[in-house]
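Here is a protein model to read piece by piece. Keep the sequence and the 3D view side by side as you go.

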Amino acid sequence: MGRKSRRRGDARTSVEWDGPAPSDTPVEVTAKAVDALVRGQEGTGVDLAVARLADAEDPHWAGAAARSLFDTLLFGIADAWARGWQPAETVRHVRREAGPLAASVCADVVVEDLERHSAATVDPRWNEQVRALGVDPPRGSGEAFLEHLGSQHGLMRFEVVEVVLRLLALLRALPPMRRLGPPPGNFRPGARPSIPVDQGRLQRVRALLAKAESTEFPQEAEALTARAQEMMARHSIDLALVEADPEEPEATSARRLPVDSPYDEHRAVLLNEIAEANHCRAVWHRELGLSTVMGFPGDVEAVDLLYTSLLIQAETAMRVSGSARDRSGRGARKDFRASFMSAFAVRVGERLSETARAAEEAVGTETGTDLVPVFAERERAVEAAVNEVFGALTTSRVRGPADAEGWYEGRAAADSASLGTRAHLV
């Protein structure tokens, strides 16, 4: 019999699962094992289910068990899409919660799922995310898929089954997210296609930022990123002028970006500062380590590129500054780094706001166009989109600096960081 447990003051009784019944089918064993894991019922019952599903003595049973696991994985991934999750963030969440092995299996399943749909019915942004996972093409279904996982990771069959069951439980427990685009099979090109972001220009921006991140000379990094920011700003202004159509305004877009620990709250502040300077809004999902950036497509792309580059520059500068004060001890070093990142984020925001205003004034003088109402209208559209998606938002108070030296070092690093300046547009 299973053990009964009752929490004090709670009339509900939970029964620990003893394992599959002899008459259970592979589908039933899989479903019951996943249910037990979702409820947190680790123990003998799950172990017995793993052993039962991994049993390969009877070829008929082994094939049915493999198909059950494979089909349930595909259903779990499709359910994640229905809950608003996208490929890259799903794999990242699995890695955060269950480690690289489960994330690798999840990536394999994502590719398998995508292969089931016609390319014309898949959002190009999804294809980009799946390609970035770097997963080989699918290796078949059912038994072939389990064998592929075993050979790829050097696992025995029962180990593969255990990883799959735990992945299924994790997918089942995914919280709902706001859907940012149609899942595979549901994509249809819009009646009025978005004005495309200049991919050639973005490629040049990425190349400039990569050089800025790798150089050891601050002045060279500043010049490289200044040029990159100039190109992004010019593209944003060009798109704003082209898309200013009161009859049929361009739609806003959204992208979720990772906000990782440590110092995740200060990274979230940095992303928010970059977003606001580029006429976007960032909404932080603290528990999931994600932030949704909403704005017009070119601006969202610019925020993504600049945030990634500035994080690299901040972390590099923080390591250099921190190594010079190791004598302060472990506790002080932690406070130093947190204060450094906090100051860096605040100062970057100040600089971006200043240069954004200067850029718009410069371009207005150059073109004879008053950009203030143009960008004001775009920001109202972004704000309306945020309100529609998220409704009322709460504001979190970020902890202040605990180390004065870290604060001053962070501000100094932000002053020398290669933001670029939009005043270079004239």
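The report below moves from the whole chain to a sheet, some helices and a few ring contacts.

## Ground rules

This is a predicted model: local features need pLDDT of at least 70, side-chain atom pairs count only at pLDDT 80 or more, and totals for chains, interfaces and linings use all residues. Residues are numbered from 1 along each chain as its sequence is written, and side-chain values use heavy atoms, with hydrogens and water left out.

## The whole chain

The protein chain has 15 helices and five strands. Both kinds of element are DSSP runs, numbered from the N terminus: helices are H or I with at least four residues, and strands are E with at least two.

The chain has 426 residues, and 47% of them are buried. Buried means under 20% relative accessible area, exposed means over 50%, and partly exposed lies in between (1.4 Å probe, protein chains only). Now take the contacts in the chain with a separation of 6 or more: 77% of them join residues 24 or more positions apart. A contact means heavy atoms within 4.5 Å.

## A three-stranded sheet

Strands of a sheet pair through backbone hydrogen bonds, either parallel or antiparallel. Here, three strands form an open sheet in the order β3-β5-β4, and the pairing is antiparallel. Two strands count as paired if DSSP finds at least two bridges between them. β3 (253–258) and β4 (281–285) are the edge strands; each has a single partner strand, so one side of each has no neighbour in the sheet. On average, neighbouring strands are turned by 20° against each other, direction ignored. For such angles, axes are lines fitted to C-alpha atoms, for helices over the stretch in contact; angles run from 0 to 180 degrees between N-to-C directions.

β3 and β5 (residues 290–295) pair over six bridges. Arg-256 stands opposite Thr-292 in β5. β4 and β5 pair over five bridges. Trp-284 faces Ser-291 of β5, and Val-283 has Thr-292 as its bridge partner. β4 and β5 also form a hairpin with four residues between them. In its turn, Gly-289 has a positive phi of about 65°.

## What covers the sheet

How many residues of β5 are buried? Six of the six are, so the strand is largely enclosed by the rest of the structure. Leu-290, Thr-292 and Met-294 point one way, while Ser-291, Val-293 and Gly-295 point the other way. β4 is mostly covered too, with four of its five residues buried. Helix α11 (residues 264–277) lies across β3, β4 and β5. This helix runs at about 160° to β4.

Helix α6 spans residues 124–132, and its buried residues are Trp-126, Gln-129 and Val-130. Seen down the axis, they fall within an arc of 95°, so they line one face of the helix. The arc is that of the directions from the helix axis to the C-beta atoms. The face turned away from the buried side carries the exposed residues Arg-131 and Ala-132.

Which helices cover the buried residues of α6? Among them are α3 (59–82), α4 (87–98) and α5 (100–115). Just after α6, Gly-134 takes a positive phi of about 65°.

Asp-113 lies in helix α5. Asp-113 is buried because its relative accessible area is 1%. Not counting residues up to four places away in sequence, Asp-113 touches Leu-74, Ile-77, Trp-81 and Pro-184.

Ala-356 lies in helix α13. Ala-356 is buried as well, at 7%. Ala-356 and Asn-278 are 78 residues apart in sequence, but 7.7 Å apart in space, C-alpha to C-alpha.

## Rings and charges

The structure holds three aromatic pairs. One of them is tilted: Phe-336 and Phe-340, 6.1 Å centre to centre, with 40° between the planes. Rings of Phe, Tyr and Trp (its six-membered ring) pair if their centres lie within 6.5 Å; planes under 30 degrees apart are stacked, over 60 edge-to-face, and the rest tilted. Phe-336 and Phe-340 are four residues apart in helix α13 (residues 330–367), so about one helical turn separates them. Phe-336 is buried at 0% relative accessibility, and Phe-340 is buried at 0%.

Two arginines sit over rings. The charged end of Arg-52 is over Trp-61, 3.6 Å from the ring centre. The charged end of Arg-378 is over Phe-296, 3.9 Å from the ring centre. A charge counts as over a ring if NZ of Lys or CZ of Arg is within 6 Å of the ring centre and within 35 degrees of the ring normal.
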